[in-house]
Every structure is written in structure tokens, then in C-alpha cells.
Amino acid sequence: MPTFRDLLAQAKSDIREVDTAEAARLLAEKPGSLVLDVREADEYDQGALPGALHIPRGFLESQVENKAPDRDQPIVVYCAGGTRSAFAARTLGDLGYSDVVSMAGGFNKWKGEDRDWSTPRTLSPEQRNRYQRHLLLPEVGDEGQQKLLDAKVLLLGAGGLGSPAALYLAAAGVGTIGVVDMDVVDESNLQRQILHNLDRVGERKVDSAKKTLTALNPDVDVVTYDVRLGADNVLDVIDGYVVIVDGTDNFPTRYLVNDASLLKRIPVVHGSIFRFEGQVTVFAPYEGPCYRCLVPEPPPADLAPSCAEAGVLGVLPGIVGSIQAMEAIKIVLGLGETLAGRLLAYDALEETFRSFKVGRDPQCPACGPDAGEIVIAEYDDLCMPHPRTA
Ligand SMILES: [Zn+2]
């Protein structure tokens, strides 16, 4: 019967072991390398190599193929001292991973030599509980939830579309939500703008939104902009956000946001509603079409009645705004196929969704190859891009 010593000696003879200096050299020379930490969670929480993937030894066989699918990726595996990582390296070899080394001396030696390490950001017990249903999805997991908590999403409008979008983004743990709106809450809003309530009538919409979202999830920092979005402020307001959720209902603002987001290369999740119909798409700057590719110029004012004039069934913005929140979260997580290059049309009376391919317009005055330099300025009723000299 072999002893532990025999097993360890056998494992070490089957694998390639390197010292900390050699591991550091390998990681520096092969930037695509994976650092794999196989210690227990409480050890990992105290400090780890920068960017390390953490899979406790006991979960290695069951989780590694999902988390590190490329079997030819160079891997440096470590534990506290080099024993667990030796066994882990052998297991990885058995699973077909071709370029694995185990770091002798482990994290203790690495740290003792003053090499680079950091305390990993981990979710608090309250967060683990709150986001449990996200953590159960391998496509989201701890890493995805951390991405959401780090993400900054900007909502244009705290109205019909902005309400459900804001509620779901806040519930999902999007760490920073900017809200732009210059209106006050009116009783007639409450038929669809579920961020607000009767007690808030007369209050600034951004303040009402902040109260609702903060009460829902204290992880969320709600940044309010009680301003009219204009040429003078749009670039400052959108700066630093990774996604813009556009719930505005007027053409000049849409064109303004389009041009500014192209300049800043921020994707826009566009939603619009009319009576019983809604549309959603994603404008991914210079990858898919922009708003101007689809709507080169605004329709005449008498053919484009606003929501206030045309009426809207209250649930409709709830559905469209929720899809916008879904797209924003997918963009943050890099998950699935977004609606970039597709327009999703919802008809409430037929209860149907249809999706149309939409392409970039080579003649687009904003994102086309011959488009001039984008200059942000106030738009008149025609909303045409401003020439360089404007
Ligand atoms: Zn375009």
C-alpha cells in the first residue's frame, strides 16, 4: 500500500515543477497564460496572484473544463506550498491539458519573496445571498457579478422605459446607475412609470428614482442628472459609462445621443414605444448600424406624435424597457448575442415579436466611411450632423 509520500513523489515525477522565479518568468513571457489557484476559499480571500482563476482542489475536475476550456493554454497552478498544486497539475494532465506547471513553494514562497500579489475582491455574505441566482449561472458566476457591480450604466429618462430598466439593472447589482431626467413626477405618469408613486408627485423624477433604487439595492450608487441633455453637457454626462439605455422620446435628443455615443464609442440600447407597439435595438458604435443609419432624418412633426399625444398601453414600456435592461446586462457581461444589427419589434395586440436585420448605411453622415468629423452641437428640427465649421 503506497503512503502519502509515495503518492506525492509519484505525482511530482509525472508533472513539470518550476520554482517561483521560473513561474514569474513564464507568466511574463506568455501573456495568455492562466494562473490557477487551487487553495480553499478562505486562503484565496487572504491574497492571491493577480488575475488568478480560483478553483479549490476539490472542485478542479468538475469545474476546470467550464472555466478554462482551452487545453493548450499554458497554466501555472499553485497552492500554499506546492503539494496540492502537484496533484492538481497531474489531474490537469490526465484531463488533456498540455502545458501545465506546478509552482513549488506555492503562494507562501511567492509572497515571502515580495512578488506581486493582491487581495481578491470577493462578494460579501449578503451579496452572495442577494445574487445567489446569478452565481448559480456558470455564465455569470462570481466574476460576472463582480463585473455588474463594477459597471456604470446610464439611463436617459426615468419615465416609462427607464422605470423597468432601472429597477432590473438595480436589482441585478449594476454598481453605478446614472439617471438623466429633468421632469417632475406627475400623477399621469404613474400609469406606467413604476419607479415613482403617489407620495412622490411633484418631486424631481431623478430624486424619486434614486429613492426607489436605493431602497431596492444598497449596492447601487445612483448618480442623478437633473438636466436637459444638450450639446453643452452630453459628452460630460455620458463620459465613463459603459452602456447607455436610451428611453428618450424625442428626435433631437436621439440624434444628439447617437453622435455623442459614436464619439465616445459607448453602445446605446435604444427603445421606443407607440400605442401598442415597441421596438428595441442596440447601436454598437462602428460595429453595427447607428441611429442615423436607420433613421437618416426625423419624420415631419405632424407624423410623429409624442407619447403624450398618441397614448400608450401602460404595460408596453414595461416590456420594452425590460428588454433594454436585458441587453444592457448582456453587454456588460459579454454574454450571448445582442440586438446589434437587429431590430426587435413587439406588437402587443398580436402578441408577437419579430426581428429584422438592419445594416450600416455606407452613406451614413455620422458613422459611414465618408462621414466628416463628428461635431456635437444643438440640433434643429432637421437634426442633421453639423459640419466641421459649425
Ligand atoms: Zn450610422
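This is a predicted model: local features need pLDDT of at least 70, side-chain atom pairs count only at pLDDT 80 or more; totals for chains, interfaces and linings use all residues.
Reader: Zinc first. Which residues are the protein donors of the zinc ion?
Author: Cys290, Cys293, Cys364 and Cys367, each through SG. They lie 2.2 to 2.3 Å from the zinc ion.

Reader: What arrangement do the four donor atoms make?
Author: Tetrahedral, because the angles they subtend around the zinc ion run from 95 to 121 degrees.

Reader: And how are the donor residues spaced in sequence?
Author: The spacing is C-x2-C-x70-C-x2-C. Cys293 and Cys367 link distant parts of the chain, 74 residues apart. Cys293 sits in helix α14 (residues 291-294), and Cys367 in the segment after β13 (352-357).

Reader: Switching to helices. At roughly what angle do α1 and α5 cross?
Author: Roughly 55 degrees, with the axes coming within 9 Å. That makes α1 oblique to α5. The crossing is left-handed.

Reader: Which residues of α1 and α5 meet?
Author: From α1, Phe4, Leu7, Leu8, Gln10, Ala11, Lys12 and Asp14. From α5, Thr83, Ala86, Phe87 and Arg90. By class, this contact has six nonpolar, two polar and three charged residues.

Reader: Now α10 and α11. How do their axes cross?
Author: Helix α10 (residues 162-172) and helix α11 (residues 205-216) cross at roughly 30 degrees, and their axes come within 9 Å. So α10 is roughly parallel to α11. This crossing is right-handed.

Reader: Which residues make that contact?
Author: Ala166, Leu167, Ala170 and Ala171 of α10, with Thr212, Leu213 and Leu216 of α11.

Reader: How many are nonpolar, polar or charged?
Author: Six nonpolar, one polar and no charged.

Technical notes. Residues are numbered from 1 along each chain as its sequence is written. Side-chain values use heavy atoms; hydrogens and water are left out. Axes are lines fitted to C-alpha atoms, for helices over the stretch in contact, and angles run from 0 to 180 degrees between N-to-C directions. Helices (H or I, at least four residues) and strands (E, at least two) are DSSP runs, numbered from the N terminus. Angles under 35 degrees count as roughly parallel, over 145 as roughly antiparallel, 65 to 115 as roughly perpendicular and the rest as oblique. A crossing is left-handed if the near helix is turned anticlockwise from the far one by less than a right angle, and right-handed if clockwise. Contact means heavy atoms within 4.5 Å. Ala, Val, Leu, Ile, Met, Phe, Trp, Tyr, Cys and Pro count as nonpolar, Asp, Glu, Lys and Arg as charged, and the others, Gly among them, as polar. Donors are N, O and S atoms within 2.8 Å of the metal (3.2 Å for Na, K and Ca); water is not among the atoms, so sites may look incomplete. Four donors count as tetrahedral if all angles lie between 85 and 135 degrees; four count as square planar and six as octahedral if opposite donors are over 155 degrees apart and all others between 65 and 115; anything else is irregular.
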